Amino acid sequence: MDIAVDQILFKKGAEASLFLAKWQGQEVLVKVRLPKRYRPKELDEQIRSYRTLHEPQLMHEAKAAGVPTPLIYMVNVSDSSITMEYVEGQQIKQLLNKLPQDKRRELGFSIGELISKLHSQGLIHGDLTTSNMILNPEGKIFFVDFGLGEKNGELEAKGVDLHLMKRALQSTHFQFWEECFKAVLSGYASILGAEQAEKVCEKLKEIERRGRYVEERKQ
Amino acid sequence: MYPPKNVESMKKTRSKQQKKKMFCLGIESSADDFSVGIATFNGEILANKSDSYIPLKGGIHPREAARHHSEVADKVLRDALAAAGVKPNDLSVIAFSMGPGLGPSLRTGATVARALASYLGIPLVGVNHSVAHIEIGKLKTGVVDPVTLYVSGGNTMVTAFEAGRYRVFGETLDIALGNCLDVFAREAGLKNKKGLPLGAAVEQLAANGKKLISLPYVVKGMDLSLSGLLTAATAQLNKGNCSLEDLCYSLQENAFSMVTEVTERALAHTEKKEVLLTGGVAANKQLQNMLVIIAEDHDAKFSVVPLEFATDNGAMIAWTGVLAYTHGLVTPLDDSYVKLRWRVDKVDVPWI
C-alpha cells in the first residue's frame, strides 16, 4: 500500500502530531504518536502501540453505533501512525462560545445523543472534550481522538465519560457550561432512555464525590 | 464636602503611609505543618517559619495535628516576628489559610489568626491554600501566566488562569500523588524522619531501580486515577518477588508519567508558554526532569518553586493575603469559617 506523502504538520497536540498529507490522490490526515522522552522506553512503547491499535477499532465500532468518525485508511503500529480521512469543519471548542443560546443548546443536545449512542453499545470515548468534536459543513458532528477510549459497558466507565465532558465544559466554556451540560444530558437521556440515563447520572455524582475537595462530598 | 485644610492633612498621612512599610502576616495550618510567614506589600518575604507534626505511626491524625499546631503556634509566631524584625503593632493585615484542608488543623490556624487580628485591630483575610501555592510560585520564580502542576499529599491538579479564576484542567479522580507515594512507603516499612520525608525515601530507592514492573497507567481525559496504581504496587510488594528498588522505580515512573501526560495536555490545550511545578512532590528530581522535557517540546519555560516555598508554608499565605487585601478583599470575623472543600476554581482572583 502507498504511504501518505507530502506531509505537513497540521496540529501538534499533546499526545500526537497531526499531518496533512496526500494518499492515493486524496487529502488525508496522518496521526502520529511520537515517542515521549519523559516516559521509560518500555512504558512509552506499550502505551503508544496500545492506543494506536485500539483507536481505529473503537472508531470503527463508533460508526456502527451511529456516531460519525473519520474513515480509517491505514494503521501502522511500528511507527504508531494512523492514516485517516481528513474531516473538514470546525472544532466545537472554537464554535460553541460564539453561538446564540438556542444553537448552543441544540448542539449540546446533539452531542448528548452521540455520547448516548456510544454508551448504549458499551463504547467509552475516554476524552470527551469540545476539541475532539468537529462540526462539518453539512451539520454532522464527528467524534475524533478515541486514543483513551475503551470497550466497557459498566456504569462507572460511562459516568467517568460524562464527568470528563462536564469538566471540559467547565474549564473551556465556563460562561455557560451549566446550560450546555444540561442540554447534553437531555440529549443523552433521549437515546438511552430516562431510566438508564438517570442511573449514569447517579454514578456521575458518586464519582464526583470521590474527588478531592468536592463540596457535595459526604462527611 | 471637606474643608481645604483637611485635604492637606490627608495628603500628609498618605505620604507617611507610603513611606512606612506595610506587612502582612500569614498563617498556614491546613495539614501537618504549622507555618507563619511575613511579607511586605511589595513582595519581600521577611520570614517563613514552620514546625511539622510527625505522626508516630500512620498518616496525619487530624486531632493530633491540630494539637501539635496549638502547642507550637506561639513559638512559630515569635520566631517569624523575630526573623522579620517586625513587631506585632507594625502589622497591617493578618492572612490565614481558610481551606481546603483538614478541619481541625485549619481551625487551629484560623483561631490564631482571628485572635491576632482582633487584638491588633487590623483586617483579616482568608486565603485559598491552592491559590497561595500558585501565587508564591509566581513571586519566587518570576513566571507570569503558567500552567501549574500542584502535587502534594492532599492535592494533584493542573491549573491555569482563564477569565478571572484559576481553572482546573486536570486533577486526580481519587487520591493525591504525595498520598500515593507516602502510603506505599509506609506499606514498605519506610519511616518518616525529620529531613527525609517518605517521598524522598521512595525517590532514593527508585534511583537504584532498573526493572520496570507492569503497573496500571490510568489517564482519563485530562484527569487521572492513582488508587489502582497504589493497590497494584502494594499487591506486588506483598507478593515479595520483586525488589523494593524496582517497585519504587516503577511506581514513580507510572505515576509521574501520568501527571506529566496530563500537564502536557493542558499545555497544548491552553497554549501557555510557562510550566510551574509546586507542592511537596515538586522536590522530586525525576518528576522535574519529565516536566522539563514537555516544556521543551512545547517551547515553554519550566520553573520549579524552591522547596521552602513549594511545601506548605506561611509565606505563601502572607503574600496572597497582600494580593487579596490590596485588591479590596477582607474577611469579616463573622464570615471567617474555614472551608474544608474550597476548590481553587471557586475563587475569584481579581489581582491578575
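**View 1. The buried residues of α5(A) pack against α3 (101-120), α4 (155-172) and α6 (194-210) of chain A.** This is a predicted model, in which local features need pLDDT of at least 70, side-chain atom pairs count only at pLDDT 80 or more, and totals for chains, interfaces and linings use all residues. Residues are numbered from 1 along each chain as its sequence is written, while chains are lettered from A and ligands numbered from 1 in the order in which they are written. Helices (H or I, at least four residues) and strands (E, at least two) are DSSP runs, numbered from the N terminus. Helix α5(A) covers residues 177-192. Its 16 residues reach 22 Å from first C-alpha to last, close to the 22 Å expected at 1.5 Å a residue. That expected span is 1.5 Å times one less than the number of residues. Among the buried residues are A:Cys180, A:Phe181, A:Val184, A:Leu185 and A:Tyr188. Buried means 20 or more other C-beta atoms within 10 Å of the residue's own; exposed means 12 or fewer; partly exposed lies in between, with C-beta atoms placed from the backbone. An α-helix has 3.6 residues a turn, so residues three or four places apart point the same way. After α5(A) comes A:Gly193, with a positive phi near 95°.

**View 2. A:Glu206 sits in helix α6 of chain A.** The residue is partly exposed, with 13 other C-beta atoms within 10 Å. A:Glu156 lies 50 residues away in sequence. The C-alpha atoms of A:Glu206 and A:Glu156 are 9.3 Å apart in space.

**View 3. Chain A holds six helices and ten strands.** The C-alpha atoms of chain A fill a box of roughly 55 × 40 × 30 Å along the principal axes. Of its 219 residues, 41% are buried.

**View 4. In chain B, β7 and β8 form a hairpin with two residues between them.** Strand β7(B), residues 156-162, runs antiparallel to β8(B), and six bridges join them. Strands pair if DSSP finds at least two bridges between them. B:Thr159 has B:Val168 of β8(B) as its bridge partner. In the turn, B:Ala163 has a positive phi of about 50°. Six of the seven residues of β8(B) are buried, so this strand is largely enclosed by the rest of the structure.

View 5. Residues are in contact if their C-beta atoms, placed from the backbone, lie within 7 Å.

**View 6. Chain B is assigned domain 1 (19-133 + 312-346) and domain 2 (143-310).** The bounds come from an automatic or database domain assignment. The two domain centres, taken over C-alpha atoms, are 27 Å apart. Their contact takes 14 residues from domain 1 and 16 residues from domain 2 of chain B.

Technical notes. Two residues are in contact if their C-beta atoms, placed from the backbone, lie within 7 Å.
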